[in-house]
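Work through the exercises below with the sequence and the 3D view side by side. Try each task before you read its solution.

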Amino acid sequence: MTRPHYPRIIPLFPLPNLVFFPNTYLPLHIFEPRYREMIQDTKKEEQIIGMVLLKEGWENNYYGRPEICSEGCAGQLMTAQPLDEGRFNIVLKGLFRFSVKDQFFDKNYREALVEPFAQDNTKGSLPQQVKDDLKGVLKKWMNQNRGPAETLSLLKKELDDETLIHTLSYTLPFSTLDKQFLLESETLTQQAKRLMELIHFKALQTNPTSAAEPE
């Protein structure tokens, strides 16, 4: 399935503690003047915003041009609820991952020329063995740690492989850098295997004598 056409130059919203994924939903409260302006412009134009992760050391130059990771995720502006003082509550729907090829600072907010990941042009699927191994590891880890029922319920839903992997990557309690590592996966299978590695490491942290292995 071919991905619809999207603009090559999009506004960027860099954050220090959030990694966004396709096929997921992100609620945000917009209060900084530059990003309030970004939402106003986005509502009038393509309604696409790129979420990217700020690199370490961003605190020293947050209101300037702090460095960003070169891979991010574009989202479609689904809702933008106006609030007092020009603020907004918004919801983004994750569309596709991208690499930043160039950046522009002509406006109060940052824009970028982006190149979508080739993998995101088609609907990805997992080999059955990889899918079974991931489900086994996840079930064992969640049962050992009494994980939230919402996570286990994902395995029972009729989700396509891409939505399942991106949703797990987005919702499981990994560090921000771990999630960036998942986002940058070249294939869906690689992302699933990285998920298993991270789950296995989490299991060792919480229960060193009983690591989660595929059943």
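**Exercise 1.** Find the strand that holds Leu77, and decide whether Leu77 is buried or exposed.

Solution. Step one: Leu77 lies in strand 4, residues 71-82. Strands (E, at least two residues) and helices (H or I, at least four) are DSSP runs, numbered from the N terminus. The model is predicted: local features need pLDDT of at least 70, side-chain atom pairs count only at pLDDT 80 or more, and totals for chains, interfaces and linings use all residues. Residues are numbered from 1 along each chain as its sequence is written, and side-chain values use heavy atoms, with hydrogens and water left out.

Step two: Leu77 has 6% relative accessibility, so it counts as buried. Buried means under 20% relative accessible area, exposed over 50%, and partly exposed in between (1.4 Å probe, protein chains only).

Step three: list the contacts (heavy atoms within 4.5 Å). Leaving out residues up to four places away in sequence, Leu77 touches Thr42, Lys43, Gln47, Ile90, Val91 and Leu92. Thr42 is 35 residues from Leu77 along the chain, with 7.9 Å between their C-alpha atoms.

**Exercise 2.** How many salt bridges does a search of the whole structure find? Describe two of them.

Solution. The search finds four. A salt bridge is a side-chain nitrogen of Lys or Arg within 4 Å of a carboxyl oxygen of Asp or Glu.

One of them joins Glu115 and Arg8, at 3.0 Å from N to O. This pair links distant parts of the chain, 107 residues apart: Glu115 is in strand 6 (residues 111-116), Arg8 in the segment before strand 1 (9-15). Glu115 is partly exposed at 35%, and Arg8 is partly exposed at 39%.

Another joins Lys131 and Asp161, with the closest N and O atoms 2.7 Å apart. Lys131 sits in helix 2 (residues 128-144) and Asp161 in helix 4 (residues 161-171), 30 residues apart. Lys131 is buried at 18%, and Asp161 is buried at 10%.
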